[in-house]
Each structure stands twice: as C-alpha cells, then as structure tokens.
Protein chains: 2
Amino acid sequence: MELSKIKSPADIRTMSIDELKELCDQLRKAFLIKISNHGGHVGPNLGLVEATVALHYVFNTPQDKIVYDVSHQTYIHKMLTGRMGAFLDPAKYDEVTGYTNPNESEYDLFTIGHTSTAVSLAGGIAKGRDLLGEKYNVVALVGDGSLSGGEAFEGLDEGATLNSNFIVVVNDNNMSIAENHGGLYDNLAKLRATDGRAEDNYFRTLGYDYIYVGDGNDVEALVEAFRKVKDTNHPVVVHIHTDKGHGYKPAEEHKEAFHYSGPFDLETGKPKSEDNSESYDDIFAQEMLAEMKADPKVCVLTAGTPGVLAFGPERRKEAGRQFIDVGIAEQEAAAMASGIAKAGGRPCFGVVSSFIQRAYDQLSQDISINKTPVVLNIFYGTVLGMTDVTHLGWFDIALISNIPGWVFLAPTNVEEYLSMQRWAMAQTEYPVAIRIPGGEVRHAEGSVQTDWSDLNKFSIERKGSEVAIIGAGTFLPLALQTADLLEKNGIKATVINPRYLSGLDSEMLEKLNNDHRLVITVEDGVLDGGFGEKVAHYYGTSDMKVANYGLTKKFADRYNYQQILTDNRLTAPQIAEDVLKLFK
Amino acid sequence: MELSKIKSPADIRTMSIDELKELCDQLRKAFLIKISNHGGHVGPNLGLVEATVALHYVFNTPQDKIVYDVSHQTYIHKMLTGRMGAFLDPAKYDEVTGYTNPNESEYDLFTIGHTSTAVSLAGGIAKGRDLLGEKYNVVALVGDGSLSGGEAFEGLDEGATLNSNFIVVVNDNNMSIAENHGGLYDNLAKLRATDGRAEDNYFRTLGYDYIYVGDGNDVEALVEAFRKVKDTNHPVVVHIHTDKGHGYKPAEEHKEAFHYSGPFDLETGKPKSEDNSESYDDIFAQEMLAEMKADPKVCVLTAGTPGVLAFGPERRKEAGRQFIDVGIAEQEAAAMASGIAKAGGRPCFGVVSSFIQRAYDQLSQDISINKTPVVLNIFYGTVLGMTDVTHLGWFDIALISNIPGWVFLAPTNVEEYLSMQRWAMAQTEYPVAIRIPGGEVRHAEGSVQTDWSDLNKFSIERKGSEVAIIGAGTFLPLALQTADLLEKNGIKATVINPRYLSGLDSEMLEKLNNDHRLVITVEDGVLDGGFGEKVAHYYGTSDMKVANYGLTKKFADRYNYQQILTDNRLTAPQIAEDVLKLFK
C-alpha cells in the first residue's frame with residue numbers, strides 16, 4: 001500500500017501480518033528520509049515503529065485511547081493518524097510538532113513533552129471512563145527512561161488499584177537518553193534475561209498482571225500480545241523489549257548521539273553540519289572537570305540529560321564517580337544534592353530551565369529551608385532557547401527568585417559566569433542558582449570581580465541620567481543597544497547589570513531617585529512574578545516611573561525568536577521609542 | 001534509670017535488653033503525658049518507640065547518621081538526644097518543634113516536614129560520605145505513608161546503586177495518615193502475611209538486600225535486625241511491621257483520629273475541647289458531597305489528607321468511588337485529575353497550600369498546557385494557618401498565579417466561595433484554583449454573583465476617592481478596617497475585592513487614575529511574585545502611587561499571628577498610618 005493512501009488507522013486494520021511487516025519497512029524508510037533532512041528524535045521513533053503499528057492495528061483508536069509518555073516517540077503514530085503528508089512532503093514537514101498535540105488530531109490526547117506523565121494521565125482517563133460508565137481501552141505507552149521519574153511511579157502505584165481496563169505498555173530499550181540509571185533498570189535487565197520470568201518483578205509487586213515480549217520489533221509478536229490484553233478488565237503491563245534506533249545501523253550503534261539529531265547524511269549517519277562555535281555547555285563541562293580533578297568533594301549531577309551539560313561518554317568516564325546521573329528524576333537530583341552538601345561534598349546540579357519545575361518543593365524544603373549550599377546551573381533559561389510549548393525556558397526566574405534563601409545569579413558573559421560559578425562552588429553559605437545566558441556567547445571587556453558574597457549589589461555599566469535601564473542576564477546587550485539609540489536622541493541613559501535576580505540593590509535604586517525619572521527593566525522571562533515587578537514595587541510610592549519589559553504570561557509553541565521579541569517590544573528600537581514617548 | 005538522667009544515646013547503650021524494654025515503657029508513658037496535655041502527633045510516635053530506642057542503641061549516633069522521613073515521628077528521638085526536658089517539664093514543652101531541627105541538636109540532620117524526602121537526602125549523605133572517603137552508617141527511616149510519594153521512589157531507585165553502606169528502615173504500620181492507597185501497599189501486606197518471604201518483593205526488585213521484622217514493637221528483635229545490617233557494605237532495607245498508636249488503647253483503636261490530636265483526656269482518649277465552629281473544610285465537604293450525589297461525573301481527589309477536606313471515614317463511604325485518595329502523591333493527584341477531566345469527569349483536587357508545591361510541573365504541563373478544566377481547592381493558603389516552617393501557606397499565590405492559563409480565585413466569605421466553587425465545577429473552559437480564605441469564617445452581606453466567566457473583574461466594595469485599597473481574600477476585612485480608620489482622618493477610601501489573583505482588572509485600575517492618587521494592595525502571602533507587584537507594575541509609568549502589603553520573603557517557624565502581622569505592617573492602624581504619612 002502506498003503510504004500516502006493511509007489516512008487513518010482503519011486503513012491498516014485489514015492488512016495481513018506480512019503486509020504489516022512491509023508497512024513497517026515503508027514507514028521506517030519514509031521516516032528516515034524526513035528525519036535525516038529535517039532533524040528530530042531519531043532512535044526513540046525507530047525503536048517504536050512496530051509497536052505503534054501493532055497498537056493501532058489491534059486497538060480501535062480513537063475510541064480506544066493511547067497516551068504516549070514523553071511524546072517525542074510519536075512520529076510513526078502521526079504518520080498513521082492522518083498526518084502522513086507532514087512526513088512525505090518536505091513542504092509540509094513543519095506542519096506537525098515533535099510531540100502529541102490535540103490541536104493536530106483527535107488521536108492525540110494530550111500535549112506531552114516532559115517525561116513520566118503518561119501513566120498518571122491515562123489512569124485519570126480510565127478513572128473518568130469508569131465514572132461516566134463508558135467502555136473503551138486505555139493504554140499508556142511509557143519508556144525511554146521515563147520509569148525513573150517519581151510521577152511515573154505514583155501513576156503506576158495508583159493505576160494498579162483501578163478495578164478495570166488499564167494497559168501500560170513499557171517500551172524497554174535498555175536506555176534513557178543516555179544510559180539508564182537506578183536499581184529498577186537492573187530489574188528490567190533481569191526480566192529481559194529471563195524472558196520475563198525473573199522472581200522479583202517490579203510491575204507485579206505494584207499489582208499488575210504482566211506479559212513480556214522479547215522482541216519488541218517483531219510486529220507479529222506485538223499484535224499477539226496486544227490482542228491478549230485488549231478489553232482486559234484489570235490493570236496489566238505489557239513489557240516490550242525494543243531496540244532504540246532499530247533498522248538504521250548508525251542509530252543502532254550510536255544510540256546516545258541519535259536520540260535527537262539535526263539533519264544528517266542518511267548513508268553515513270554523519271551530521272550535515274557541525275556547530276563548533278563556543279557554547280556554555282562546553283564551558284561548563286571544562287570548568288567542572290577541572291574543579292572535580294582539583295577536589296574530590298566536587299561532583300556534578302544531572303537528571304538524565306548529560307548531553308545538555310556537554311558531558312558525553314568520554315567526559316563522564318573522566319569524571320568517574322564524581323559525575324552522577326540519577327536518571328530522569330529531578331526531585332532526586334535536587335534532594336540528593338542537598339544530602340551531599342550536608343555531608344561536606346560540593347554538588348552542582350545542571351538542569352534545563354523547563355525541568356527544574358519538577359523540583360520546586362525540593363528547592364524549597366530539601367535545600368533552602370535546610371540552607372544546604374547546593375549549586376544549581378540553569379540551562380536554556382531564555383526565550384532564545386527551546387521553543388516547544390512543553391520546554392519553554394521562561395518561568396525559572398519567577399520560580400527560583402521567589403523562594404526565600406536562594407541566591408539567584410544572572411551572568412551576562414563567559415567570564416562573569418565562570419567567576420560566579422567558582423564563587424558558588426567555593427562558598428558554603430547559600431544555595432546558589434546561576435542562570436546561563438541565552439543568545440550569542442559574549443566575553444567580558446574588563447576584569448570581573450571574584451567575590452559575590454556581598455549580595456544584591458548591582459553594577460553600573462554606563463553612567464548617565466534621566467533614564468536607567470536595568471538589563472538582566474541575556475538582555476544586558478539589549479539594554480546597552482537601547483541606551484545607544486537613546487543617546488542619538490539626546491538622552492544619556494544609565495545602564496545597569498543587576499547580576500542578582502533574587503534581591504534588589506536598594507542603595508543603588510535609592511540613589512537613582514536623585515537624577516533619574518525613569519527606570520526600565522528588561523528580563524529574559526515572563527514578567528509575572530519576575531524581576532521587573534520587584535523594581536516596580538520598590539518605586540511604588542516614589543516619583544520614579546518604572547517600565548518593565550519581558551514576556552507576557554501566556555504559552556507559545558514553536559515561535560520565531562524575532563517575532564516573539566517584537567511582539568513583546570523586546571527590541572532596542574521599540575524600547576527607545578517607548579522611552580521617548582514617555583519623555584514627551 | 002530515671003528518664004531525666006538520659007542526656008544522650010550513650011546513656012542507653014550500656015543497658016540490657018530488659019532495661020531497654022523498661023525504658024520503652026517509661027518513654028511511652030512520659031510521651032503520653034506530654035502529648036495528652038499539649039497535643040501533637042500521637043500514633044506515629046507511639047508506634048516508633050521501640051525502633052527509635054533500638055536505632056540509637058545499635059548505631060553510634062551522631063557519628064552514624066539517621067534521617068527521619070516526615071519527621072513528626074521523632075518525638076522519642078528528641079527525648080533520647082538531649083531534649084528530655086521538653087517532654088518532662090511542662091514549662092519546657094515548647095522548646096522543641098514538632099519536627100527534626102538541626103538548630104536544636106546535632107542528632108537532627110535536616111528540618112523535614114514534607115514526606116517522602118528522607119531516602120533522597122540520606123542517599124545524598126551516603127554519596128557525600130563516599131566522595132570524602134569517610135566511614136559511617138547512613139540510615140533513612142521512612143514510612144507512615146511516605147512510600148507512595150514519587151520522591152521516595154526516586155530516592156530508593158537511585159540509592160540502590162550506591163555500592164556502599166546505605167540502610168533504609170521501612171516503618172510499615174499498614175496505614176498512612178488515613179488508609180494507605182496504591183498497589184505498593186498490597187505488596188507490603190503480602191510481605192507481612194508471609195513474614196517477608198512473598199515472591200515479589202518491591203524492595204528487592206529495586207536492588208535492595210532485605211530483612212523483615214514481624215514485630216516492630218519488639219525492641220529485642222529490632223536490636224538484632226539493626227545489628228545485622230550495621231556496617232553493611234551495600235544498600236539494604238529493614239522492613240519493620242509496627243503498630244501505629246502502640247501501647248495506648250484509644251490510639252490503637254482510632255488510628256486516623258490519633259495521627260495528630262489536640263490535648264486529650266489520657267484515660268478516655270476524648271479530646272479536651274471540641275471545636276464545633278463553622279469551618280471551610282466542612283463547608284467544602286458538604287458542598288462536594290451534594291455535587292457528587294447530583295452528578296456521577298463529579299469526584300474529589302486528595303493526596304493522603306482526607307481529614308483536611310473534612311472527609312472522614314463516613315463521608316468517604318458516602319462518596320464511594322467518587323472520592324479518590326491517591327495516597328501522599330500530589331503529582332499523581334494533579335495529573336490524574338487532568339486525565340479525569342479529559343475523559344469528561346469533573347475532578348476537584350483539595351490540597352494544602354504547602355503541598356501543592358510538589359505538583360508545580362503538573363499544574364503547568366499536565367493541566368494548563370492541556371487546558372483541562374481541573375478544579376483545585378487550596379486549603380491553609382494563609383498566614384493565619386500552619387506556622388511550622390515546613391508547612392507555611394504563603395507561597396501559593398506566586399506559584400499558581402504566574403502559570404499561564406490558570407484562573408485563580410480568592411473568595412472572601414462562604415457565599416462567595418460556594419458561588420466560585422459551583423461555577424468552577426460547572427464550567428469546562430479553564431483550570432480553576434480557589435484559595436480558601438484564612439481567619440474567621442465570614443458571610444456575605446448581600447447577594448453574590450453566580451457567573452465568574454468574565455475573568456479578572458474586580459469588585460468595588462466601597463466607593464471613595466484619593467486612596468483605593470485592594471484587599472485580596474483573607475485580607476478584605478483588613479482593607480475595610482483600614483478604610484474605616486482613614487475615614488476618621490478625613491479620607492474616604494475606595495475598597496476593592498479583586499476576587500481574581502491571576503489577572504488584573506485593567507479597566508477598573510485605569511479608571512482609578514481619574515480620582516485616586518494612591519493604590520494600596522493587601523495580600524495574604526509573600527510579596528515577591530505575588531499579586532501586589534503586578535499592580536505596581538501596572539501603574540509603573542503613571543502618576544499613581546502604589547504601596548504593597550504582604551509578607552517579606554523569608555522563612556519563619558512557629559510564629560505568633562499577631563507578631564508576624566505587625567512585623568509586616570499588616571494591621572489597619574499601621575497601614576492607615578503609612579497612608580497618612582504619604583499624604584502629608
């Protein structure tokens with residue numbers, strides 16, 4: 001069957017097993033052509049071709065509901081559910097997002113980008129179905145490292161108590177983004193080694209019925225297994241052993257590199273372009289490797305994303321036991337870091353802005369209330385970072401700066417970052433978070449201070465009068481550009497680098513009252529709960545005017561950098577225009 | 001031995017087993033005298049008398065480290081570690097907090113009030129110990145329902161990979177605060193029924209060595225078990241089956257009521273005073289029971305704290321399957337609610353302010369991005385609520401109001417609350433959070449609107465000029481009192497009930513510019529990231545002056561209501577004084 005003729009899963013349900021096998025080959029080939037030209041999640045989808053086909057073959061979607069965990073594994077699902085064009089026609093490549101999306105299709109239940117959520121969400125659907133007295137199958141497809149997340153455990157634990165149809169398919173490819181971590185994965189290994197018959201079985205201990213499929217890339221075996229559990233009246237786990245990157249040699253051999261890839265040469269697997277420009281992840285990794293070598297008490301933690309920290313396999317080996325990957329488990333990384341600091345170690349947890357949301361309570365209870373000197377490095381905390389709605393780096397300022405006790409630093413260039421990081425790792429007074437700037441990597445022009453213990457001291461980058469522009473982190477250059485424009489209009493503005501996001505320099509702000517009438521704040525995040533509002537609050541009862549620039553509180557998906565900056569008046573000409581209007 | 005002579009655990013380590021038994025009796029009696037007069041956590045501590053004695057007898061504390069989960073079970077620990085006076089001498093009763101506290105003793109590693117954190121924290125200590133090349137035992141004591149929390153799973157999963165000394169004592173008393181929930185607890189039941197020999201063993205599946213103690217209130221058996229695992233070179237679980245409330249009949253028979261109790265008559269177990277005054281938990285429970293009866297799609301979720309929602313055993317029975325207790329697992333409750341809403345159910349998750357912090361990511365990703373109409377009721381979100389540093393209800397405004405998509409309502413009296421709750425449950429457009437007010441329960445004077453779909457419309461309670469006071473939620477009465485005082489000084493202030501915390505009524509704020517010079521905001525939470533800062537931001541470039549009242553961003557512990565209000569100038573005379581000063 002021509003792929004383009006597949007409009008919905010109904011079109012494959014009449015096929016024979018041999019036709020399904022042929023279909024899987026076709027899907028895999030078409031997927032590889034798009035992905036090698038366009039980039040995206042490679043290995044997770046290659047491993048799931050057969051399972052996706054078998055699920056839609058056996059279950060009566062969309063009446064039956066499938067919830068995909070960390071839904072970057074749903075490209076094949078999209079191909080089968082009315083979106084084939086976005087995979088076959090280069091002009092339509094960008095018509096689909098990289099995750100499930102209810103706006104695209106009724107086959108997509110949720111927009112899911114963070115891991116470990118599917119079992120809870122699907123359990124809720126099953127519970128809702130039962131309350132409404134309806135009948136359909138509810139399937140959660142998890143895997144790809146999601147099981148280490150606490151929400152996945154909570155979902156499994158509660159889901160086990162449903163006295164009704166509930167099917168959890170565990171896609172076990174023996175790795176997360178990088179290696180799997182945690183005792184649970186040894187249990188999965190035992191189950192694989194014994195064809196599912198090992199004495200201790202994680203899923204059975206939680207109360208699930210259990211079926212094992214040794215070759216999760218055998219569509220016939222999968223169809224058989226799914227038929228067995230279809231219309232079950234109780235919770236059951238189908239544990240399928242798949243091969244990440246299956247059917248494409250370079251991805252089978254280099255599983256970590258092919259978890260996600262930019263465009264690559266299909267024949268060799270080599271990236272079409274290599275980015276060798278200076279980057280903060282690399283600067284972080286070099287710095288922390290040096291610190292770890294100099295001091296055995298120093299360690300780096302990641303929650304399943306070592307690549308974000310530029311700790312590839314070689315550097316992980318070099319760091320040895322001082323590099324700790326807890327798997328996708330941000331709560332554990334944060335709390336464990338607190339314990340390490342309590343015992344006298346010096347932990348640095350490097351984490352993506354969007355994922356630190358998963359450890360709010362740990363930042364507050366396990367760390368701040370206990371004053372443990374944990375160091376946090378926030379990656380991609382910028383509008384100039386990831387643009388998927390589930391991965392926005394806009395909220396960490398409001399999240400961290402409003403928890404008492406944290407020192408939250410916003411470096412603006414490499415030297416400032418390194419100075420702050422070294423100070424943070426050396427001191428033992430405070431938990432310190434450092435927000436790695438977005439945009440172009442910049443360097444300091446002069447020397448940078450080394451001691452940051454005199455908290456909340458802002459720095460005047462350029463002294464003027466009438467207008468002061470406070471440009472935090474990423475947006476200090478924007479503040480400087482705005483000042484340049486204003487200067488052309490006869491206003492010599494003061495430009496301030498606040499450096500601290502967790503408190504105000506009231507002494508400096510007070511002095512501005514003498515010869516300034518307007519303070520502008522520019523921050524790389526959502527205005528609500530952010531830095532600028534604190535400045536507005538500070539000047540509330542004075543004559544000083546305050547204008548805050550940042551992002552409006554709403555979600556965006558796959559946005560264009562320039563567009564979103566313009567929409568939020570986060571460009572120098574727009575801010576300068578506003579200032580001139582206010583001064584008329 | 002006289003209890004008063006026990007200054008540290010060293011004083012008990014020379015005792016014989018018979019002397020230990022006698023000691024346990026003495027400790028239990030002394031504990032009961034204090035707790036019946038003073039109130040506190042009863043059952044959890046009674047169940048742990050023998051285990052606590054055995055731990056300090058066998059392990060060389062404080063060199064060996066014990067981390068207690070949800071540390072309200074550490075009263076006996078405090079008695080043995082230099083704080084006996086606070087249990088024997090009524091004048092000293094309040095010298096200790098209800099939780100472990102490093103400021104009190106070197107035997108207390110962390111301040112811990114939220115559950116499910118100890119394994120992660122202890123795992124971190126073990127990891128830090130190994131990095132530093134030191135040698136000592138690290139023990140995590142968990143239980144009392146903590147195992148259902150995702151952080152506990154993450155901690156167990158990662159802790160299993162420590163190739164060194166790591167001991168997890170699981171205090172299994174067959175219940176959480178109320179019943180235990182989740183498939184895991186069936187596994188514990190099987191282990192209890194088989195003297196630890198059941199085929200599937202949750203802890204073994206995660207990679208732990210395992211020892212079972214059938215009578216966790218037999219100090220001799222406990223000493224023997226702890227001696228076996230002392231100085232172990234690998235992770236091991238000691239599963240002890242204790243009896244919540246052990247040794248005090250009323251607490252053994254009424255385990256849920258005696259989890260925590262105010263002062264009670266030691267002979268009968270009857271509370272010394274009963275509070276029959278009107279309360280929001282009861283109003284909530286009555287309302288939701290009625291809604292559930294009228295509509296099978298409606299359900300109420302709790303994460304292990306049905307008592308907070310006034311859903312005692314009888315009401316839970318009445319609600320049947322429409323009342324869902326997921327155990328202590330806030331992530332699951334939030335995400336499951338999203339799934340239920342997606343399937344057409346109408347879920348209301350009732351949760352304590354301090355605990356909703358554990359589900360930030362779920363409020364954002366699982367609910368808001370997916371626009372599922374989940375209803376959240378926030379209990380104890382007030383400075384006039386719980387005063388322990390680990391349970392402060394001050395942060396939920398900054399947490400929820402800054403997540404896009406949530407409608408966050410702040411009722412000021414019973415009728416307004418009920419109207420908002422009914423609207424929230426009936427509509428399906430938004431996720432809606434409702435912040436139940438603190439302080440005295442009040443009633444509406446006039447009629448209350450029933451439709452809240454015209455978002456962010458503030459209400460003018462009293463029309464004046466010059467000064468407008470916006471009093472949110474709990475603090476509307478404070479705004480009115482302030483206006484009364486101002487009126488005596490010749491200023492007739494406008495008083496506004498904002499009703500919405502998640503957005504501003506820009507139309508009304510704009511109009512205030514006509515005949516007002518000053519806007520005051522008063523909110524029941526921390527200023528940073530809160531409601532008032534948004535108003536200050538709004539007026540930043542206008543001539544309007546803004547003064548924000550709320551709590552300063554810092555932690556407090558066991559504070560006095562009046563004191564903290566005065567310290568933050570949250571009293572009518574203070575605010576009126578400030579206004580008059582500004583108007584001089």
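Let's start with D108(A) and R83(A), whose side chains meet in a salt bridge at 2.7 Å, N to O (a salt bridge being a side-chain nitrogen of Lys or Arg within 4 Å of a carboxyl oxygen of Asp or Glu). D108(A) sits in the loop between α5 (85-88) and α6, and R83(A) in the loop between α4 (75-80) and α5 of chain A, so the pair ties together parts 25 residues apart in sequence. Helices here are DSSP runs of H or I with at least four residues, strands are runs of E with at least two, and both are numbered from the N terminus. Both D108(A) and R83(A) are buried, where buried means under 20% relative accessible area, exposed means over 50%, and partly exposed is in between (1.4 Å probe, protein chains only).

## Ground rules

This is a predicted model, where local features need pLDDT of at least 70, side-chain atom pairs count only at pLDDT 80 or more, and totals for chains, interfaces and linings use all residues. Residues are numbered from 1 along each chain as its sequence is written, chains are lettered from A and ligands numbered from 1 in the order written, and side-chain values use heavy atoms, with hydrogens and water left out.

Over all chains, the structure holds 54 salt bridges. One of them joins E287(A) and R422(A) at 2.8 Å, N to O. That pair links distant parts of the chain, with E287(A) in helix α12 (residues 280-294) and R422(A) in helix α18 (residues 414-426) of chain A, 135 residues apart. E287(A) counts as buried because its relative accessibility is 8%, whereas R422(A), at 45%, counts as partly exposed.

In chain B, K463(B) and D515(B) meet in a salt bridge at 3.6 Å, N to O. K463(B) lies in the loop between β14 (459-462) and β15 (466-471), and D515(B) in helix α20 (residues 506-515) of chain B, so parts 52 residues apart in sequence get tied together. Both ends are partly exposed: K463(B) has a relative accessible area of 48%, and D515(B) has 33%.

## Where the chains meet

Between chain A and chain B, the salt-bridge count is six. In one salt bridge, D543(B) pairs with K545(A), the closest N and O atoms being 2.9 Å apart. Helix α6 (residues 118-132) of chain A gives the largest share of the side of chain A that touches chain B, 11 residues.
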